[in-house]
Amino acid sequence: DDLLKIYAPHNQVPAIMSIPTIIYSGTRNGKFQVMKVVNRARHTKWHEYNPEDPFIRRFHSCTSDDDKATNMADFAEGKFPVMSATMALGLGQNLKRVRCVIHIGRGDPASIVQMVSRSGRNGNTGLGLLFMEPSRKKGKNLLDEFERGSNQDDDTRMDALAITPLCLRVALTVDNQ
């Protein structure tokens with residue numbers, strides 16, 4: 001539902017005025033849910049079923065090769081501003097117009113760094129947003145629960161990112177140290 005706060009109704013902010021964004025989610029179902037929420041925020045119900053939507057399209061492993069090629073070309077040409085994707089939209093893609101990357105849910109921190117680095121290419125300013133639950137059952141939800149100097153698995157690293165009130169650039173740079 002955090003996406004509801006980001007996107008305005010289509011009659012207030014037209015697609016052409018929207019920031020070129022990739023929204024990553026961990027599953028094909030998550031990708032579809034992202035499309036539904038974005039369309040709800042934009043008051044464009046059922047557009048998630050339109051493969052040629054002028055605002056948001058999809059990219060995942062089961063997208064046909066023709067649709068992948070069309071969506072990538074159309075996105076690069078500015079025919080729509082938002083791509084809802086899984087990790088299938090990954091290495092080898094140099095999308096220079098991406099200004100924002102949103103990652104929804106938990107994941108491998110190293111992969112999140114790869115995804116966030118898709119924004120701000122060619123010296124442009126980029127923005128990376130990470131939306132995930134602020135606390136996790138059986139997780140580390142307070143700063144005092146982390147042991148200084150101990151090895152951390154991916155879940156612990158994601159717990160740390162969830163409670164870190166810092167810019168992702170700072171948090172991920174420290175995480176990579």
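Let's start with two helices, H3 (residues 109–116) and H4 (residues 154–163), whose axes come within 9 Å and cross at roughly 55°. Helices here are DSSP runs of H or I with at least four residues, strands are runs of E with at least two, and both are numbered from the N terminus. Axes are lines fitted to C-alpha atoms, for helices over the stretch in contact, and angles run from 0 to 180 degrees between N-to-C directions. H3 and H4 are therefore oblique to each other, since under 35 degrees counts as roughly parallel, over 145 as roughly antiparallel, 65 to 115 as roughly perpendicular, and the rest as oblique.

A word on the model: it is predicted, so local features need pLDDT of at least 70 and side-chain atom pairs count only at pLDDT 80 or more, while totals for chains, interfaces and linings use all residues. Residues are numbered from 1 along each chain as its sequence is written, and side-chain values use heavy atoms, with hydrogens and water left out.

Back to our helices: which residues make the contact of H3 and H4? H3 brings Pro109, Ala110 and Ile112, and H4 answers with Asp154, Arg157 and Met158, where contact means heavy atoms within 4.5 Å.

Now, the sheet. Five strands form an open, parallel sheet, in the order S2-S3-S1-S4-S5; two strands pair if DSSP finds at least two bridges between them. At the edges we have S2 (56–59) and S5 (127–131), each pairing on one side only. From one strand to the next, the twist averages 20°. Helix H1 (residues 28–42) packs on this sheet and touches S1, S2, S3 and S4 (100–104), with its direction at about 180° to that of S2. Our friend H3 lies across S1, S4 and S5, at about 155° to S4.

If you zoom in on S1 (residues 21–25) and S3 (residues 82–85), you'll find four bridges joining these parallel strands. Thr21, for example, has Val82 as its bridge partner in S3.

Last, the rings. Phe32, Trp46 and Tyr49 form one aromatic cluster; rings of Phe, Tyr and Trp (its six-membered ring) pair if their centres lie within 6.5 Å. There are also charges over rings, meaning NZ of Lys or CZ of Arg within 6 Å of the ring centre and within 35 degrees of the ring normal. Arg42 has its charged end over Phe55, 3.8 Å from the ring centre, and Arg97 lies over the face of Phe75 at 4.8 Å.

Conventions:
Rings of Phe, Tyr and Trp (its six-membered ring) pair if their centres lie within 6.5 Å; planes under 30 degrees apart count as stacked, over 60 as edge-to-face and the rest as tilted.
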